Each structure stands twice: as C-alpha cells, then as structure tokens.
Amino acid sequence: MAGKPVLHYFDSRGRMECIRWLLAAAGVEFEEKLIESPEDLDKLKNDGSLMFQQVPMVEIDGMKLVQTRAILNYIATKHNLYGKDMKERVLIDMYTEGTADLNEMIMLLPLCPADQKDAKIALIKDRTKNRYLPVFEKVLKSHGQDYLVGNKLSRADIHLTELLYYVEEVDSSLLANFPLLKALKTRISNLPSVKKFLQPGSQRKPPTDEKKLEEARKIFKF
C-alpha cells in the first residue's frame, strides 16, 4: 500500500494551500514536512528533490512532483476530479485558471506595501464583483446544476470554493449578489471530506500574517 503524500512547504498558505484543499476534498490523508529554515530548503535543493529549486514539492506515488499546476493536475486526474472527456476538461481548466488569477491577487496582498494596500484591495473587490464572480454565477445559472461542469464534482468546484472563503476574508459582503455561488460554497463545504478539512485543528492554514511573512522572508531570503 502506498504511503500518504508528503507535502514540503513552509507553514503557510502560499502556493501549497490549493493542493491541501484538493487532497482533502478527495479524501486523501497527507503529511507535511514543514520548511522552517534556509537550511531545510537548502537540503531539499542539494539532494535533488526540487527540479527547479522551488517549492511546493509533493512526494506521491514514488515521485517528487513540483510546479503547482502539475501537482494539481495529477491529483485531480488520479481522483476523478477532472471531467469525463476533453471538452469537460478544458472547461475545468478555464474555470480553474480564472479562479487562480483572482486567488493570486488575494494571496499576494500581504506583500503589498502599506501605502498601496487600499488601492490593491479596491482593485480586488472590483475584479471580484465585476469580472470573476459574475462568470461563475452565470455558468451555474445557465445549466441549473449543482456543479460547474458535467453535474459532477470537479477540481473547479473545489478551487472556486476555496477562493470564495478568501473573498469573504477580504470583504464578507462580496458574495451578497451571487446566490448560486453562496449555495455552491455551502454545498461543497458540507461534503464530509471538506467539512472535516474546515474544522479547527485541521491542516488548513490561517490567513498569512506579518509573523508568517517574516518567517518566509528568512527561509526564502526575499
């Protein structure tokens, strides 16, 4: 029997959190080997574990996978969260990439200089309300089904639900005009595997604060 996947990253959301979400939603238990110092990172680099000298890195099925999208594609394919054919898959890819665009803006917000933060938050709110969420609301309305693609749970639903939690952290009122997205968030959150991941004490990470940023700066020297 194969062992649990092992996730190598520091103790924060960053580019690993979407991987944690997808594994958890798929009902896969995983372990984390946290990078806590520059020496921990150097060890991974020096032993050849990091193809491009970067994390995230996930040990799974006898491989050491890097690059977030590649890791997500593998997990989604393995656990039947990637559609039934090419047409469904390309829809899932488009929705996932759109989700990732907005997620990236929110993820990088803590790195924003203080004098630019208000403008960045305003831009995120505008893009959320006027560019990204209307698309997903329209998709759900167009087919009247419970999930984005093929009336079946896919990685697109999971990534979008994760994003909706982050959107609410920015401004809890941003979902007010998107009833179908609110319903999707509730639906996905109530799946037993996701519900477990959302409980206190799980491997889900809290919002990045100044302390976590400082830890990251020391590890990654930026």
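The axes of helix α6 and helix α7 (residues 179–189) come within 9 Å and cross at roughly 110°, which makes α6 roughly perpendicular to α7. Roughly perpendicular covers angles of 65 to 115 degrees, while those under 35 degrees count as roughly parallel, those over 145 as roughly antiparallel and the rest as oblique. Axes are lines fitted to C-alpha atoms, for helices over the stretch in contact, and angles run from 0 to 180 degrees between N-to-C directions. Helices are DSSP runs of H or I with at least four residues, strands are runs of E with at least two, and both are numbered from the N terminus.

This is a predicted model, in which local features need pLDDT of at least 70, side-chain atom pairs count only at pLDDT 80 or more, and totals for chains, interfaces and linings use all residues. Residues are numbered from 1 along each chain as its sequence is written, and side-chain values use heavy atoms, with hydrogens and water left out.

The crossing of α6 and α7 is left-handed, meaning that the near helix is turned anticlockwise from the far one by less than a right angle. On the α6 side the contact (heavy atoms within 4.5 Å) involves Asp 157, Leu 160, Thr 161, Leu 164, Tyr 165 and Glu 168, which meet Leu 181, Leu 184, Lys 185, Ile 188 and Ser 189 of α7. By class, this contact of α6 with α7 has 6 nonpolar, 2 polar and 3 charged residues. Ala, Val, Leu, Ile, Met, Phe, Trp, Tyr, Cys and Pro count as nonpolar, Asp, Glu, Lys and Arg as charged, and the others, Gly among them, as polar.

Helix α6 (residues 155–170) also packs with helix α4 (residues 86–107): their axes come within 9 Å and cross at roughly 25°. That makes α4 roughly parallel to α6, and their crossing is left-handed. The α4 residues in the contact include Ile 92, Tyr 95 and Leu 102, and those of α6 include His 159, Leu 163 and Val 167. The residues of this α4 contact with α6 divide into 10 nonpolar, 4 polar and 3 charged.

Strands β3 (residues 57–60) and β4 (residues 63–66) run antiparallel and are joined by 4 bridges; two strands pair if DSSP finds at least two bridges between them. Ile 60 has Met 63 in β4 as its bridge partner. The hairpin has 2 residues between the strands, and Asp 61 takes a positive phi near 50° there.
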